[in-house]
Amino acid sequence: MKAKKFLATGLALLMAVGLTACGSESGSGDGLKITNVSYDPTRELYAEYNEAFKKHYKEEKGKDVEIVQSHGGSGKQARSVVEGADADVVTLALEHDITMIEEAGMIKSGWLSEFDLDSSPYTSTIVFLVRKGNPKNLKDWDSLIGDGVDVITPDPKSSGGAMWNFLAAWQFAMDKFGNDETQAKEFMSKLYGNVSVMDSGARGATTTFVENGQGDVLIAWENEAINTLKEYPDDYEIITPSISILAQPSVAIVDENADKNGTQELCKDYLQYLYTDEAQEIIAKNGYRPSNQEILKKYADKFDLNVKLCNIQDFGGWNKAYDDFFADGKIFDEIYTK
């Protein structure tokens, strides 16, 4: 993920914004075009997946497809769709961000069951990325609250990945302190007191840690950490905490836009193809955990399949979790202000 790669993806985002402003359309002749509004760390995944899907669609339907990509903090991306970005599909970091678009009347109810496994074709989890040799000897969540530890994590107000980070740390604290919420809040206050940079999205946080050299530890999507290690094997290492969270990115068709653009059928094919063996292999290659358990097991050397994972149902589902932790004035605001 060198600087020039970030410049290239930034340029692609600007192009996507310009194209979506003009609207996605069925195109002329046999051409078809859709816009996929996604979140920060999926850039490389969808760059590869889109090429595979275009080849598949050409072979199956005899038609060429153009796919426009847009990336940013998941919450910001969801708001951009509500405010008019002409997304045909969204592939965001968590269910709640898609619910925001549903509540705006742009996605039909029942979208969560439109595709398999709660419309989550891949999962991930949260890990620590540290510099080679782990100079601060960071082993678990409670290592991150020590004096002199400089933590990098994005902002839960704009980043879906940051919400997963927060909830994983909160679950650790609740386990550690016997579900004592007062002590858990104090723990989280110390943790976020050590955060020196809070970028708007997960990829921005990776840039801060990797490209700009800031911080002792990055709380990261597993795929971000894996891809960083692949590119800089001599500079970083991954620490898996004793407890993390099953992060389930969600996908959906933005029905209002797809109906207007005449792309409903193409959108269904595009998202359904994520569940095929070819796509699941691409997903694993890019550091996400395939939903196909047989393919996931093939990559047991890449993913820690024994890590203890809580999940969003432990927090009462995403609507409750958002209202309890991330809505204005709730637990995140309380501990961050403190």
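Which element gives the largest share of the lining of the largest cavity? Strand 8 does, with 4 residues. The views below come from a predicted model.

**View 1. The largest cavity and its lining.**
The structure holds 1 cavity of 30 Å³ or more. About 50 Å³ of space lies inside the largest cavity. Its lining is made up of Pro154, Gly161, Ala162, Asn165, Ala202, Ala205, Thr206, Leu218, Ile219, Ala220 and Trp221. Helix 6 (160-176), helix 8 (202-211) and strand 8 are the elements that each give two or more residues to this lining. By class, 8 lining residues are nonpolar and 3 are polar. Rolling a probe the size of a water molecule over the atoms shows where empty space is left.

The strands stand in the order 7-6-8-5-9. Their pairing is mixed. Strand 7 (195-197) and strand 9 (236-239) are at the edges. Each has a single partner strand, so one side of each lacks a neighbour in the sheet.

**View 2. Strand 5 and its two partners.**
Strand 5 covers residues 126-131, and strand 8 covers residues 217-221. These two strands pair in the antiparallel sense over 5 bridges. Leu129 has Leu218 of strand 8 as its bridge partner. Phe128 is bridged to Ile219, also in strand 8. Leu218 and Ile219 are among the residues that line the largest cavity. Strand 9 is joined to strand 5 by 4 bridges, and this pair runs antiparallel. Here the bridge partner of Arg131 is Tyr236 of strand 9. Is strand 5 mostly covered or mostly uncovered? Strand 5 is mostly covered, with 5 of its 6 residues buried. In a regular strand the side chains alternate between the two faces of the sheet.

**View 3. Helix 3 and its buried face.**
Helix 3 spans residues 74-82. Its buried residues are Ser74, Gly75, Gln77, Ala78 and Val81. Seen down the helix axis, they fall within an arc of 160°, so they line one face of helix 3. An α-helix has 3.6 residues a turn, so residues three or four places apart point the same way. What do the buried residues of helix 3 pack against? They pack against strand 1 (32-38), strand 2 (65-70), strand 3 (89-92), helix 4 (95-103) and helix 6. Helix 6 also gives residues to the lining of the largest cavity. Gly84 follows helix 3. Its phi is positive, near 130°.

**View 4. Helix 12 and what covers it.**
Helix 12 runs over residues 277-285. Ala279, Gln280, Ile282, Ile283 and Ala284 are buried there. The cover over these buried residues includes helix 2 (43-61), strand 4 (122-123), strand 12 (289-290) and helix 13 (293-298). Gly287 comes after helix 12. The phi of Gly287 is positive, near 90°.

Ser119 sits in helix 5 (residues 116-119). Is Ser119 buried or exposed? Ser119 counts as buried because its relative accessibility is 0%, and the cut-off for buried is under 20%. Leaving aside residues up to four places away in sequence, Ser119 touches Trp111, Leu112, Ser113, Glu114, Pro249, Ser250, Val251 and Tyr275.

Notes: Residues numbered from 1 in each chain as written. Predicted model: local features only at pLDDT ≥ 70, side-chain atom pairs only at ≥ 80, totals over all residues. Heavy atoms only, no water. Pairing = 2+ DSSP bridges. Buried < 20%, exposed > 50% of the residue type's maximum accessible area, 1.4 Å probe, protein only. Contact = heavy atoms within 4.5 Å. 1 Å grid on protein atoms, 1.4 Å probe; cavity = no way out; pocket = protein on both sides within 12 Å on 5 of 7 lines; lining within 4 Å. Points joined across faces, edges and corners; volume = space filled by probe spheres on them. Nonpolar A, V, L, I, M, F, W, Y, C, P; charged D, E, K, R; others polar. Arc of directions from axis to C-beta.
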